[in-house]
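Thanks for making the time this morning. I would like to take you through one model, slowly, and say what each term stands for as we reach it.

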Amino acid sequence: MMTNPGNRLTQGQFSFLPDLTDEQITAQIKYALKQGWAVSVEYTDDPHPRNTYWDMFGMPMFDLKDPAGIMLEINNCRKTFPRHYIRVMAFDASKGWETPRMSFIVNRPPKEPGFGLSRQETGGRQIRYTVHSYATDKPESERY
Amino acid sequence: MDTTKTDTSSRATGEVKVDLDAEFRDSHIQEVLDKLDRELIGLKPVKTRIREIAALLLVDRLRKKFALTSQTPTLHMSFTGNPGTGKTTVALRMAEILHRLGYVREGHLIAVTRDDLVGQYIGHTAPKTKEVIKKAMGGVLFIDEAYYLYKPENERDYGQEAIEILLQIMENNRDDLVVILAGYKDKMDKFFQSNPGMRSRIAHHVDFPDYQATELMAIADLMLAEQNYHFSPAAHRAFAEYIPRRMQLGHFANARSIRNALDRARLRQANRLFAAKNKMLSKDDLMTIEAEDILASRVFIDNAPDDDLQAPARGS
């Protein structure tokens, strides 16, 4: 598609921007920690937009004061899954929110094949649309 | 690029000079050092050592302005001394000093012991240690009684794993974390002997001397003043007599024993006031600790240390 050159996955914050540098990631995490949110690192190789539950890389990190500890985990995760999508989430546990307040991608595969739109004809010439990630044609661990 | 050029030329001509005094004032370290002097009685060698470390860091920062690169100095420390000599308190101040100088970003102190680092089963230790380390990043990690991490008599002890993770972090994340190990002198020496890697990564060994009786008396006055109490003149004499007696007895933990003694004196004071029910009390009555509150101690009566009010708290 011409509207999304390179088929870059656009999920979460900042996903239409060029990839964040480590300094920018650190600054974002610093903001999250200042708000008292628990930051966690997650990864997946199935980028379908409805795949909301990614795999956790370790536990969410509570009571941290400084982004260095989270950067350590991000870099560990990048080392373990260099060709996966990795995102950082900040969870707000305060009453009334109890939900992720931030979520942004910090690592993506070198080549993103993107999504295809498939049409299914059903009764009465009705058409059902579905989004299909080309990456998931291959079995897990061979996708990227 | 420009800065390096001017730096080299200025070094050659000696034009630009930095003001060490101004830098010192800007860092507000003097306030911390003054506070240290005011609130901590005695501990001369410790204070001198902290002043030295602060001077080193300040000069190091000035050198950076001239682009005289030197590696980030190793800041990991070991505090050795008997219980109640102020190791935790000094560590707190150290965190503040390092924060003012910009060597740690947040300046908080995480105090842990073996239990917080070492797990109970295989594979439990590494995540536990890492979690603590991550919490301490940007600040100071204070490991009390660090020698318990290493138990040579049990070769399957998980403490070794915690030590290895610590060593790795101490080397690779020097900018993020300062580790302070604390404990009794002789046990720490043995610990370092069996862990040469640990020894070589620690730059500053600070030894905390025991307090003299006069210093303990000054500490007692300070502690009482903090809690809005004071000794009557007779009580002051009685407590001055109490200290050397208590020092002779077992389980003497310097300032911590003094604090416990004062807590018990407060208890007796409250009891005494309560017993004299029909008397109107002035503000001064509520603040004054009388001689009888102190002389009722078991130290005077059967020459044995009082039972502690509570289990002695960690740190003082």
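Predicted model: local features only at pLDDT ≥ 70, side-chain atom pairs only at ≥ 80, totals over all residues.

Residues are numbered from 1 along each chain as its sequence is written, chains are lettered from A and ligands numbered from 1 in the order in which they are written, and side-chain values use heavy atoms, with hydrogens and water left out.

In chain A, helix α1 (residues 22–34) packs against helix α2 (residues 68–80) at an angle of about 130 degrees, and their axes lie 10 Å apart. Helices here are DSSP runs of H or I with at least four residues, numbered from the N terminus, and the axes are lines fitted to C-alpha atoms over the stretch in contact, with angles running from 0 to 180 degrees between N-to-C directions. The pair α1(A) and α2(A) is therefore oblique, the word for whatever is left once under 35 degrees is called roughly parallel, over 145 roughly antiparallel and 65 to 115 roughly perpendicular. Contact, meaning heavy atoms within 4.5 Å, involves A:Ile25 and A:Ile29 among others in α1(A), and residues including A:Ile70 and A:Ile74 in α2(A).

Moving to chain B, helix α11 (residues 213–226) and helix α12 (residues 233–248) pack at about 130 degrees, with axes 10 Å apart, which makes α11(B) oblique to α12(B). Among the residues that make this contact are B:Leu216 and B:Met217 of α11(B), and B:Phe239 and B:Ile243 of α12(B).

Between the chains, ten residues from chain B and eleven from chain A take part in the contact. About 930 Å² is buried there, 59% of it from carbon and sulfur atoms; buried area is the accessible area (1.4 Å probe) that two parts lose on being put together, summed over both.

How many salt bridges does the rule find across the interface of chain B and chain A? There are two, where a salt bridge is a side-chain nitrogen of Lys or Arg within 4 Å of a carboxyl oxygen of Asp or Glu. One salt bridge joins B:Arg105 to A:Asp66, at 2.4 Å from N to O.

Over all chains the structure holds 23 salt bridges. Within chain B, B:Arg51 pairs with B:Asp37, their closest N and O atoms being 3.3 Å apart; this pair links helix α4 (residues 44–65) with helix α3 (residues 29–39), the two residues being 14 residues apart.
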